[in-house]
Amino acid sequence: MKLLDRGVSKMVQSKPDNNNIRLQVVFFRTENGYEPVREWLKSLARDDKRIIGEDIKTVQFGWPLGMPVVRKLGPGLWEVRSRLVGGIARVIFTLEAGKMVLLHGFIKKSDKTPLDDLNLARRRLVQLRGKK
C-alpha cells in the first residue's frame, strides 16, 4: 500500500470487513522510520495513554465528529481533544485515503494550540503528501 510506504504505520489492527470502523488509525512515520506520536504515547503514564486511546477510538468508530472530541484546525488538520487527570492532551491528525494519520501529539499548557505544535503538524502533513 503506497500510503504506508510514504510515512505512516498501522496503529490498530482492524478487520477490513468490520462495518463499524470508519477510519483506520495509523502513525505518521519519518523517512528514517521514526514514529513521533507512537514514541510520545509510550512516554505517557498508563492512565493517560488509555484516555487518549479511547478518544482516538471514538473518532475511529464515530467519524465524522465535532466538539468536544474533535476540532478542525485548518485545511486537512484536526485535533483529538483529551482531558487527562493532570492536564489536556491533543493529537493532531489528517485524513488520507480513509485513514486517520496521527501527525503530532502534545500536552497543552495554554488555552490556544501552540503555534510551534501546529506548525510541526503542518510540516509533517507536507512530508506525508510528498510536497517539499
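Helices (H or I, at least four residues) and strands (E, at least two) are DSSP runs, numbered from the N terminus. Val70 lies in one such run, strand S3. This is a predicted model, in which local features need pLDDT of at least 70, side-chain atom pairs count only at pLDDT 80 or more, and totals for chains, interfaces and linings use all residues. Residues are numbered from 1 along each chain as its sequence is written, and side-chain values use heavy atoms, with hydrogens and water left out.

**Overall fold**

- The chain has 4 helices and 6 strands.
- Their order along the sequence is α-β-β-α-α-β-β-β-β-α.
- Of the 132 residues in the chain, 44% are buried. Buried means under 20% relative accessible area, exposed over 50%, and partly exposed in between (1.4 Å probe, protein chains only).
- Take the contacts (heavy atoms within 4.5 Å) between residues at least 6 apart in sequence: 48% of them join residues at least 24 apart.
- The chain exposes about 7800 Å², and carbon and sulfur atoms supply 51% of that area. Accessible areas come from the Shrake-Rupley method with a 1.4 Å probe; for residues, only the protein chains shown count as cover.

**Aromatic cluster**

- Rings of Phe, Tyr and Trp (its six-membered ring) pair if their centres lie within 6.5 Å; planes under 30 degrees apart count as stacked, over 60 as edge-to-face and the rest as tilted.
- This rule gives 3 aromatic pairs.
- Trp63 and Phe93 are edge-to-face, because their ring centres are 5.8 Å apart and their planes stand at 80°.
- Trp63 sits in the loop between helix H3 (46–62) and strand S3 (70–74), and Phe93 in strand S5 (residues 87–96), so this pair ties together parts 30 residues apart in sequence.
- Both Trp63 and Phe93 are buried.
- Trp78 and Phe93 have ring centres 5.9 Å apart and planes at 20°, so they are stacked.
- That pair also links distant parts of the chain: Trp78 is in strand S4 (residues 77–84), Phe93 is in strand S5, and 15 residues separate them.
- Trp78 is buried, as is Phe93.
- Trp63, Trp78 and Phe93 form one aromatic cluster.

- Val70 has 2% relative accessibility and counts as buried.
- Leaving out residues up to four places away in sequence, Val70 touches Val59, Trp63, Leu65, Trp78, Glu79, Arg81 and Phe93.
- The C-alpha atoms of Val70 and Ile92 are 9.6 Å apart in space, and the residues are 22 apart in sequence.
- Strand S2 (residues 24–28) is largely enclosed by the rest of the structure, because 4 of its 5 residues are buried.
- S2 pairs with strand S6 (residues 99–108) in the parallel sense over 4 bridges. Two strands pair if DSSP finds at least two bridges between them.
- Val101 in S6 is the bridge partner of Val26.
- Glu96 is in strand S5. Glu96 is buried, at 16% relative accessible area.
- The side chains of Glu96 and Arg129 make a polar contact (2.8 Å). A polar contact is a pair of N or O atoms within 3.5 Å; within protein, one must be able to donate a hydrogen and the other to accept it, and residues adjacent in sequence count only if both atoms are side-chain atoms.

**Helix H2**

- Pro36, Val37, Trp40 and Leu41 are buried in helix H2 (residues 36–43).
- These residues cover an arc of only 135° around the axis, so they lie on the same side of H2. The arc is that of the directions from the helix axis to the C-beta atoms.
- Lys42 and Ser43 are exposed on the other side of H2.
- The buried residues of H2 pack against S2, H3, S5, S6 and helix H4 (115–128).
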